[in-house]
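Hello,

Here is the structure I promised to pass on to you. Please have a look at it first, and then read my notes below.

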Amino acid sequence: MAALALLTWTFLWLSLLCIGGGLGVVPELERQSVAIHHWLTAREFVDGYTLSQLTPGPNMLIAVFVGYRAHGLPGGLLAGLAMFLPTSILAVVISHHWRRWRARPWAALVERSLLPVGVGLMAGGVYTLARAAIHDGVTAGLALATALVVATDRVPPVAAVLAAGGVGWMLSH
C-alpha cells in the first residue's frame with residue numbers, strides 16, 4: 001500500500017507541473033520514474049511515451065503506462081487518476097470564472113507570464129526525450145528527418161513517427 005500511495009502522490013504533484021501541456025512535465029516525470037523510483041528504464045520511458053502519443057486520448061497517458069509498469073492495474077489506474085483528475089477539476093473551476101477574470105489587468109499578466117514558462121518546460125521535455133532516444137547517427141538522422149517532415153505540415157505527425165519507427169526497425173535488423 002505504501003508503494004501505491006507513493007506512486008499516487010508522485011503523479012498528483014507532477015500533474016500540477018503540466019503548464020503549457022504535458023510535455024512540460026516530461027523531464028521531472030522521467031527523473032522520478034527512472035532515476036529516483038526505478039519504476040522503469042530510460043528506454044522503457046521513451047518507448048512508453050511514444051506509445052502514449054500514438055494512442056487516442058490525452059497526451060499524458062504515459063502516466064498510466066508508468067503506473068501499470070510499476071504496480072500493475074492498480075498502479076495504472078491510480079497514476080491515471082492522480083495525473084488527470086486534480087487538473088481536470090482545477091481547469092473546470094478556473095474556466096468557469098475565466099471569462100469574468102479575463103478583463104482584469106492581472107489576468108493578462110498571468111497569461112503573458114505563463115507563455116515563456118510553458119515554452120521552456122516543453123523545450124525541457126523535448127531535450128529529455130531526445131537525450132534518451134538519440135544514441136547514434138542513425139537515431140539522430142531519423143529524429144532530424146522526422147522533425148523536418150513534421151515541420152512542413154504536409155504529413156501527419158503520427159504518420160511521420162510511424163514511418164521513422166519502421167525505418168529504424170528495418171535498419172536495426
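**The largest pocket**

Four helices, α3 (42-54), α5, α6 and α7, each supply at least two residues of the lining of the largest pocket. Helices here are DSSP runs of H or I with at least four residues, numbered from the N terminus. Before going further, please keep in mind that this is a predicted model, in which local features need pLDDT of at least 70 and side-chain atom pairs count only at pLDDT 80 or more, while totals for chains, interfaces and linings use all residues. Residues are numbered from 1 along each chain as its sequence is written, and side-chain values use heavy atoms, with hydrogens and water left out.

Back to the pocket: α7 gives the most to its lining, with ten residues. The space in the largest pocket comes to about 1200 Å³. It is lined by 33 residues, and those closest to its centre are Val46, Thr50, Ala133, Val161 and Ala164. A pocket is found on a 1 Å grid over the protein atoms alone, as an open set of points where a 1.4 Å probe fits, with protein on both sides within 12 Å along at least five of seven lines; lining residues have an atom within 4 Å of a point. The volume is the space filled by probe spheres set on the points, which are joined across faces, edges and corners.

**Helix α6**

Helix α6 has 15 residues (137-151), and at 1.5 Å a residue it should span 21 Å; its end C-alpha atoms are 21 Å apart, which agrees. The expected span is 1.5 Å times one less than the number of residues. Thr139, Leu142 and Thr146 are the buried residues of α6. They cover an arc of only 60° around the axis, so they sit on the same side of α6. The arc is that of the directions from the helix axis to the C-beta atoms. Buried means under 20% relative accessible area, exposed over 50%, and partly exposed in between, with a 1.4 Å probe and protein chains only.

What do the buried residues of α6 pack against? Their partners are α5 (105-133) and α7 (157-172), where contact means heavy atoms within 4.5 Å. On the face turned away from the buried side, α6 carries the exposed residues Gly137, Leu144, Leu148 and Ala151. At the start of α6, a side-chain oxygen of Asp136 comes within 3.2 Å of the backbone nitrogen of Val138. Just after α6, Asp153 takes a positive phi of about 65°.

The buried residues of α1 are Leu4, Leu7, Thr10, Phe11, Leu14 and Ser15. Their arc around the axis is only 130°, which puts them on the same side of α1. These residues pack against α2 (26-36) and α4 (62-101), whereas the face turned away from them carries the exposed Ala2 and Trp9.

Ser15 is buried, with a relative accessible area of 2%. A polar atom of its side chain lies 2.6 Å from the backbone oxygen of Leu12. Leaving aside neighbours within four places in sequence, Ser15 is in contact with Ala82, Met83, Pro86 and Thr87.

Leu23 lies in the loop between α1 and α2, and is buried with a relative accessible area of 18%. Beyond its neighbours within four places in sequence, the contacts of Leu23 include Tyr49, Met60, Leu121 and Leu129.

Best wishes

Key
Polar contact = N/O pair within 3.5 Å; in protein donor to acceptor, adjacent residues only side chain to side chain.
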